[in-house]
Amino acid sequence: MTESAISVQGLRKRFGDVVALDGIDFAVPAGTVLGLLGPNGAGKTTAVRVLTTILSPDDGQAEVLGLDVVRRPEAVRARIGLAGQYAAVDQNLSGRENLRLIGRLTHMPRQLIAPRADELLERFDLVDAADRPARTYSGGMRRRLDLAAALVHRPPVLFLDEPTTGLDPQSRRDVWGMIGELVREGTTLLLTTQYLEEADRLADQIVVIDHGLVIAEGTAAELKARLGATVVEIGLGDPGEARRAKSLLAPYAVREPELEDSQVRIEICEGPRTIIDALRTLDGDGLAAETLTVREPSLDDVFLALTGRPAEPSEPDEQVSTRGAA
Amino acid sequence: MTATTVTPLGGLPDLDVHGLRRFTVAAGDTRAIAWRNLMGYVRIPQLLIFSTIQPVIFVLLFRYVFGGAISTPGVPYVDFLMPGIFAQTVTFGAMGTAIGLATDLNLGLIERFRSLPMARSAVLAGRTVADLVRNVLVIVLMVVVGFLVSYRVHTNVFAFIGAMLIVLLFGFALSWIYATVGLLVKDPETAQAASFPVLAPLIFASSAFVPVDSMPGWLQPFAEYQPLSCVVNAVRGISLGSPSGFDIFLALAWCFGILAVAAPLAVRRYRMAA
């Protein structure tokens, strides 16, 4: 049996009238990645704050490596790393100084601190900027430094709160690559994200939360299967052709295709393979697709499928935007 | 797969640390945080320069513009003024504690510190100790400025250093009040704006710049016994070579009293802040 590195049972937390966590349960087996997926205000950050001993819960239990976060906060802190969405580094210190400061504050043996900082600067591609104040870093560099800072004392359990929010696509891919490497080394990771793509890419298991409650969990593939998966829109020459195409495409779709003017919209399960087959069928009947749009399901689709309503618009501060559960 | 293939490099306090070991850990963490705060002044020296320009302007303003209109019988006005300037300087400087903590909170640094296995007290103590070190520099500078505008100390070096220690202790105590302010308001601009209405009466309705008996009768009891005045009176007495044991007692009582109340409040606020 695999041991849980993180386990949460019946966790509740409210701020005044606002219920941030309404009794959530989940467990993360050691050496695996859990993606905590949900819109802003769902309670993701609150869950991370409780697990990292920053907030104490009103009710329920949370353990990290078998240590209760309320009763043994100091022991928990020695074993975790946290990187948040704010890139919390000292702007006036250089990258190297920031990492060494964390080394001192985690009480690492002195002789290990400098080499560990150098190793992380190398690994996170910050060597050239190592001695410049963090103030001069780009957003992506600051985020990488923040991630490195969470790793200085080599914590076996890592919490990343929306590690790529606000990053450009290239920096996001860089951060993903670095996270992937950590996981291969055996770090247990809890990752919060608003992006299904990110959870899909990094997480073994996904827990979807909304209004402080777990509304779904499973692997990315399982969740997508529940969603009806990829949406394909094919534009034809005219509405007549589109009607013919609709009946030809019906066997490939998981639901009855939809028709709109000269456009057919189908939802398919088996991604690229199905699209090729479907287009061949159209071609064989003398129908040529004039436009083609393929859209992977997004968090909005997950929410629409799970709750029947779209994920609410993003708000910048989770704590402010957490809504009441009632 | 085994439970933990990654071993942390830091110390692992499996049993909660107590006693002397806990104290040395907290002292080490405080030193690390104080160093990082002082590096802020090294990297952005403008911060320090601008915060010292203001008291220098006050010296010039009161020494050469208002001073002539203020009567301090038997004492040259500059000798009356400088102890007030010292106390005023550390009082304004204490705002820096609020601004520094509010900035850290805003950037998420406090959150990071709270997730580290460091002493909880070190973030606040490291901040106030760094501000104390900064005050030492600023006070030395103000003493030099005072001498340049013909301020004279009518006592020996040791008594004068003792007087400056009272000023520094007062600044340190105020820093703890401002630590709470910084953690409450959570952004640097508000910290600055919220500080001024409290500071203004403390600094001006005091014995710092004018003799209290020149004020209206209803204001005199406050102006005479509020903390800043008590510190100024004690320091002025020493500086003029006529120290008053009672004034020194009042000044120290205020300093330790403020510390005893403000430090626990700030620590409590820090535990709640996130």
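Here is a friendly conversation about reading the interface, domains, strands and salt bridges of a predicted model.

Biologist: Let's start where the two chains meet. How many residues of chain A are in contact with chain B?

Modeller: There are 50 on the chain A side, and they touch 43 residues of chain B. Bear in mind that this is a predicted model.

Biologist: What is the area buried between chain A and chain B?

Modeller: The general idea first: interface size is often given as the accessible area lost when the parts come together. Here the area buried between chain A and chain B is about 4,100 Å², and carbon and sulfur atoms give 56% of it.

Biologist: And how many salt bridges does the rule find across the interface of chain A and chain B?

Modeller: Four. One to look up joins the side chains of B:Arg112 and A:Asp146, with N and O 2.6 Å apart.

Biologist: Which elements of chain A supply at least two residues of the side that touches chain B?

Modeller: Helix 2 (73–77), strand 6 (80–83), helix 3 (95–105), helix 4 (110–123) and helix 5 (139–151) each do. Helix 3 of chain A gives the largest share, five residues. Sorted by class, the side of chain A that touches chain B has 24 nonpolar, eleven polar and 15 charged residues.

Biologist: Salt bridges can also form inside a chain, I see. How many does a search of the whole structure find over all chains?

Modeller: The total is 20. Within chain A, A:Arg96 forms one with A:Asp118, and their closest N and O atoms are 2.6 Å apart. Because A:Arg96 lies in helix 3 of chain A and A:Asp118 in helix 4 of chain A, the pair ties together parts that are 22 residues apart in sequence.

Biologist: Now the strands. How do strand 1 and strand 2 of chain A run, parallel or antiparallel?

Modeller: A general point on strands: in a regular one, side chains alternate between the two faces of the sheet. In this model, strand 1 (residues 4–15) and strand 2 (residues 18–29) of chain A run antiparallel, joined by nine bridges. To see the pairing, find A:Ser7, which stands opposite A:Ala27 in strand 2 of chain A. The two strands form a hairpin with two residues between them, and A:Gly16 in the turn has a positive phi of about 60°.

Biologist: Finally, which domains does the assignment give for chain A?

Modeller: Domain 1 covers 4–79 + 155–225, and domain 2 covers 229–296. Their C-alpha centres lie 38 Å apart.

Terms used:
Residues numbered from 1 in each chain as written. Chains lettered and ligands numbered in written order. Predicted model: local features only at pLDDT ≥ 70, side-chain atom pairs only at ≥ 80, totals over all residues. Heavy atoms only, no water. Contact = heavy atoms within 4.5 Å. Buried area = accessible area lost by both parts, 1.4 Å probe. Helix = DSSP H or I, 4+ residues; strand = E, 2+ residues; numbered from the N terminus. Nonpolar A, V, L, I, M, F, W, Y, C, P; charged D, E, K, R; others polar. Domains from an automatic or database assignment. Pairing = 2+ DSSP bridges.
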